[in-house]
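Please find below a colleague's note on the model under review. It is arranged as numbered points.

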Amino acid sequence: MAHAMESLSLGQCPEGRTLITANWVVGHKEGSHRLLRNGQVVFENGAILFVGHNFSGEVARRIDFGNAVISPGLIDLDALSDFDTTILGIDCHPGWAKGRVWPRSYVEAGPYEMYSQEELAFQKRFAFGQLLLNGITTAAPIASLFYREWGETVAEFDAAAEAAGDLGLRVYLSPAYRSGGMVLEAPGKMVPVFDEERGFQGLKDAVAYIERQNGRHGDLVRGLLAPDRVETSTLALLQRTDAAARDLGCKFRLHMAQGTMEVDTVRMLHGSTAPVWLAKHKLLSDRMIAPHATNATEEDLGLYAENGVSIVHCPLVSARSGSILNSFSSCRKRGINIAMGTDTTPSDMLMNLLAGLITCRISDHAPDRVRSADLFDAATLGGARALGRSDLGHLQAGARADIAVFSLDDTIMAPSVDPITTLVVGGSGKVTRAVFVDGRVSMLDRQLAGFDMEKARVQAQAQYDGLIAKYPERSWNHPPVSEIFPPSYPIEVESHA
């Protein structure tokens, strides 16, 4: 097998037909996945030609991955594209005192970009590399605006498009924008402030970006409008966003029904939950992709189902904060399309599928209403449906050759009777062995094309340390870092006496 692998070159789309085999292939038939024992996948020029057994045509190369699963590439519609700041608040509470909301003093001093454009460009490349290492082939990037001057910039997203093209990752993106933000007026007292014209300009920039970038790098880059959050958006901004998405033929993603602060703020501003408010103004449709729905009411979920809104379920980051979707199985029963997102570090989709399985069973108080396969469907078929892509999320003749290969021989894996259950319950992104995007070899044996992740981690840590050092100026009463983020245990340093 090692000799056969030499015919695959990182960053290249192999010439001629490539036939890959493994102990298991996740094929597709009559609208659902099928398991093929000792199956074959043949692809050429970025498209799948054959999935099955006993291919009789000529091929340029044959690659056997052995005891592994050849799977559709995973789709992440809330994919971290910066350095995760939510992990800073896992054990440091309350969030308002830990730099998670701008204090009035910081706003009056003038918010500024806490990273340079070069640092932001590096972060996109670093994050995209992590996604590929975890078997993710399609991503809609997400980043925090807490450390930004206001919204995201066109320059960093031009760099993001180049990173996606260089690394070989399918992306849906444009700069995030907003017409408002939350400001901390007093301990625990957060109020929204708005600058609507700034939101309109952000939308204008995002539309121009999509018109210029859509279809680049062999159609790896496509547009997605990304207003930041429902509580930081005015009605006019969302109406213009919906109209622009319709005109561009793209989707738009809007975070809502995801937390107490948002729910309380929207109710104060509009007298209802966000989904009810948007439904009243006819802004719910199948153009909308809505993370996270953990605070959605029964009425909210009914409106999602009625209007074709897709949920992006990010169970790991939600559960870390004590919040769960109520519930995955009940949303499916309503007919709501569920896609998956990671939205945190690590960008490990398999870990998220396990978290989703566990939290659903806790919410349902029953183990039999959701299966591992249901979560796997959400990370493949559900993501493709949300994007309106019938050629993604499954392995079938005519689909794009977006493929992830997961090893079942890894030392962390237990013996298996069913490969999907094994991956969801016992796997992690670390068992990802190879990734093909549009037939191109984007990751092979934990290596990426033209990007050294081990070297990049040193630079990433230095940038992260620099951001943390700035937290006192954007935290209430400006305490030192040691008080904002105290260590888990007392730290002892080496004595030189």
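1. The model is predicted. Its chain holds 17 helices and 22 strands. The radius of gyration is 23 Å, close to the 23 Å that the globule rule gives for 497 residues, so the chain is as compact as a globular protein of that length. The C-alpha trace spans about 70 × 70 × 50 Å along its principal axes.

2. Of the 497 residues in the chain, 57% are buried. When contacts between residues at least 6 apart in sequence are considered, 77% of them join residues at least 24 apart.

3. The accessible surface of the chain amounts to about 20,200 Å², and carbon and sulfur atoms account for 50% of that area. The chain carries 47 positive and 59 negative charges, whose mean positions lie 5 Å apart.

4. Which residues of helix H8 are buried? In this helix, formed by residues 260–270, they are Glu262, Thr265 and Val266. These residues lie on the same side of H8, because they cover an arc of only 95° around the axis. As a general point, an α-helix has 3.6 residues a turn, so residues three or four places apart point the same way. Thr260 and Met268, on the other side of H8, are exposed.

5. The partners of the buried residues of H8 are two strands and a helix: strand S12 (180–186), strand S13 (189–194) and helix H9 (274–280). Just after H8, glycine 271 adopts a positive phi of about 75°.

Terms used. Residues are numbered from 1 along each chain as its sequence is written. This is a predicted model: local features need pLDDT of at least 70, side-chain atom pairs count only at pLDDT 80 or more; totals for chains, interfaces and linings use all residues. Side-chain values use heavy atoms; hydrogens and water are left out. Buried means under 20% relative accessible area, exposed over 50%, partly exposed in between (1.4 Å probe, protein chains only). Helices (H or I, at least four residues) and strands (E, at least two) are DSSP runs, numbered from the N terminus. The arc is that of the directions from the helix axis to the C-beta atoms. Contact means heavy atoms within 4.5 Å. The radius of gyration is taken over C-alpha atoms; the globule rule is 2.2 Å times the number of residues to the power 0.38. Accessible areas come from the Shrake-Rupley method with a 1.4 Å probe; for residues, only the protein chains shown count as cover. Lys and Arg count as positive and Asp and Glu as negative; His and the chain ends are not counted. The place of a charge is taken as NZ of Lys, CZ of Arg, CG of Asp or CD of Glu.
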